[in-house]
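Let's take a walk through the aromatic side chains of this model. Have the viewer open and follow along.

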Amino acid sequence: MLDSSLFIPVILGTPRQGRQSEYVAKFIVEQVATRDRLETELIDIRNIAIATDDAGESIKDPQFSATIERADGLIIVAPEYNHGYPGLLKHVLDTCLKEYIHKAVGICGVSAGPFGGTRVIQNLLPVMRELGLVTIFYDLNFSDVQNSFDESGNLIDKPTYIRRMSRFMDELVWMSTVLKYGREVMTVE
């Protein structure tokens with residue numbers, strides 16, 4: 001019998017001070033932790049000691065690599081910066097390769113504007129494919145993020161986002177389960 005539990009960490013993809021996406025990432029971790037048979041943790045790229053004068057696997061952080069290797073799926077929380085993704089997020093993601101192969105990923109876009117990080121998600125999709133990750137069909141979008149949380153970091157319209165998160169997680173759990181099964185019973189030559 002195959003293990004049906006899943007480990008799905010959440011990557012907070014910006015190191016900036018005053019980042020509103022931190023509230024989003026904490027909300028997502030909280031929601032993932034409420035699901036049966038799921039384990040999660042927050043990976044804050046701010047806390048990954050990584051060189052900026054080199055690139056790729058030669059600067060791999062052992063702890064980040066081990067966490068990604070263990071993961072069955074991932075959630076990336078990425079704020080939209082000038083229609084794109086944070087450079088440090090890309091730099092960190094590029095340090096791993098084989099760790100991502102045939103694993104599911106869901107992307108959560110965060111934006112101060114009305115489109116909820118749609119453009120950051122669009123820009124990350126080809127990156128995910130190149131890394132060997134399999135993107136799910138649903139995205140999470142947090143628009144007008146500066147007005148979505150109170151002073152304590154609590155989501156103001158929690159029922160709406162819980163509903164959206166449920167659909168997102170249903171797909172991510174399904175895809176992570178199928179790919180985990182495939183990794184355990186099949187090999188690609």
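**Rings and charges**

The charged end of Arg70 sits over the ring of Phe7, 3.8 Å from the ring centre. "Over a ring" here asks for NZ of Lys or CZ of Arg within 6 Å of the ring centre and within 35 degrees of the ring normal. Keep in mind that this is a predicted model, where local features need pLDDT of at least 70, side-chain atom pairs count only at pLDDT 80 or more, and totals for chains, interfaces and linings use all residues. Residues are numbered from 1 along each chain as its sequence is written, and side-chain values use heavy atoms, with hydrogens and water left out.

Now for ring against ring: there are 4 aromatic pairs in the structure. Rings of Phe, Tyr and Trp (its six-membered ring) pair if their centres lie within 6.5 Å; planes under 30 degrees apart are stacked, over 60 edge-to-face, and the rest tilted. Tyr23 and Phe149 have centres 5.4 Å apart and planes at 35 degrees, so this pair is tilted. Tyr23 sits in helix α1 and Phe149 in the loop between β8 and α5, 126 residues apart. Helices (H or I, at least four residues) and strands (E, at least two) are DSSP runs, numbered from the N terminus.

Phe142 and Tyr161 make a stacked pair, 4.3 Å centre to centre with 10 degrees between the planes. Phe142 belongs to strand β8 and Tyr161 to helix α5, so the pair ties together parts 19 residues apart in sequence. Tyr161 also has Arg164 over its face, at 4.8 Å from the ring centre.

Put together, Tyr23, Phe27, Phe142, Phe149 and Tyr161 form one aromatic cluster.
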